[in-house]
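Student: I would like to go through this model with you, one question at a time.

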Amino acid sequence: SYILVCSIGYFIRVIITSLVYGQFFDDNTTKEDFLKIIRNICIVWVLICIFYAIRIRLEYQVIPRFLSFIRKKLFRNYIVMNETNFNDSNITDDVNNILELTRNLREIFLWLCESLIPVIIIMVVVNLYFFKYPVVGCINIVCNIINSILSYFSYEQLIEVANIRMEKYII
């Protein structure tokens, strides 16, 4: 349900908002049309706020369970591993590393649910929409596949370039 709410909220923010704001640029807009556009904008923003509130409420339920599950697994495995293979490592550092790992996993989980999965769903819907025009649909699918393949095989270089750019602007 969390992924569904995130996907619907993302769809409203990206697609519906641009459609509603795009109505301002219609050529023959009368005063009554203008009032309908303002009403539609208000409806869209109310929907965005409702889905945001639902998403936050679900997030407060899902994320602690997620972190608890991951931490229990990691700590259990850590204890089992060190029962027989005791070493003189600093337990505080190990615990801090486990906590840091789970915080990073939380961020990755949120990014997947709030951004990546909704983007993939919207891309599939847009690709299916363009199949009304078979040539455009095929070109769109091929370009998305090529883009995905390039991203997959060059993600390390993309991350490195982004890190270099961030360091350049931070310093």
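Student: Is N127 buried or exposed?
Tutor: Buried means under 20% relative accessible area, exposed means over 50%, and partly exposed lies in between (1.4 Å probe, protein chains only). The relative accessible area of N127 is 8%, so N127 is buried.

Student: What kind of model am I looking at?
Tutor: Residues are numbered from 1 along each chain as its sequence is written, and side-chain values use heavy atoms, with hydrogens and water left out. Local features need pLDDT of at least 70, side-chain atom pairs count only at pLDDT 80 or more, and totals for chains, interfaces and linings use all residues, since the model is predicted.

Student: Which side chain makes a polar contact with the side chain of N127?
Tutor: Start with its surroundings: apart from neighbours within four places in sequence, N127 is in contact (heavy atoms within 4.5 Å) with N140, I141 and N144. A polar contact is a pair of N or O atoms within 3.5 Å; within protein, one must be able to donate a hydrogen and the other to accept it, and residues adjacent in sequence count only if both atoms are side-chain atoms. At 2.9 Å, the partner of the N127 side chain is the side chain of N144.

Student: What pattern does the chain follow along the sequence?
Tutor: Helices (H or I, at least four residues) and strands (E, at least two) are DSSP runs, numbered from the N terminus. The chain has 5 helices and 0 strands. Along the sequence, the pattern is therefore α-α-α-α-α.

Student: What covers the buried residues of α3?
Tutor: Those buried residues are I98, T102, L110, C113, P118, I122 and N127. Their cover includes α1 (2–22), α2 (31–84) and α4 (134–153).

Student: Which helices do the buried residues of α1 pack against?
Tutor: The 21 residues of α1 reach 29 Å, close to the 30 Å expected, and α1 bends by about 30° at I12. Its buried residues are Y2, V5, C6, S7, G9, Y10, I12, T17 and V20. They pack against α2 and α3.

Student: Leaving aside its neighbours within four places in sequence, what is V44 in contact with?
Tutor: V44 is one of the core residues that touch the most other members. With those neighbours left aside, its contacts are I12, I16, T17 and V20.

Student: How many of the 16 residues of α5 are buried?
Tutor: The residues of helix α5 (155–170) should span 22 Å, and its end C-alpha atoms are 22 Å apart, which agrees. I170 lies in α5 and, at 64% relative accessibility, counts as exposed. α5 is hardly covered, and its count of buried residues is 0.

Student: Last one: what is the radius of gyration of the chain?
Tutor: The C-alpha atoms fill a box of roughly 75 × 40 × 35 Å along the principal axes, and 20% of the 171 residues count as buried. The radius is taken over C-alpha atoms, and the globule rule is 2.2 Å times the number of residues to the power 0.38. A compact globule of 171 residues would come near 16 Å, but the chain has 23 Å.

Conventions. A nonpolar core is a set of buried Ala, Val, Leu, Ile, Met, Phe, Trp, Tyr and Cys residues joined through side-chain atoms within 4.5 Å. The expected span of a helix is 1.5 Å times one less than its number of residues. The bend at a residue is the angle between axes fitted to the seven residues ending there and the seven starting there.
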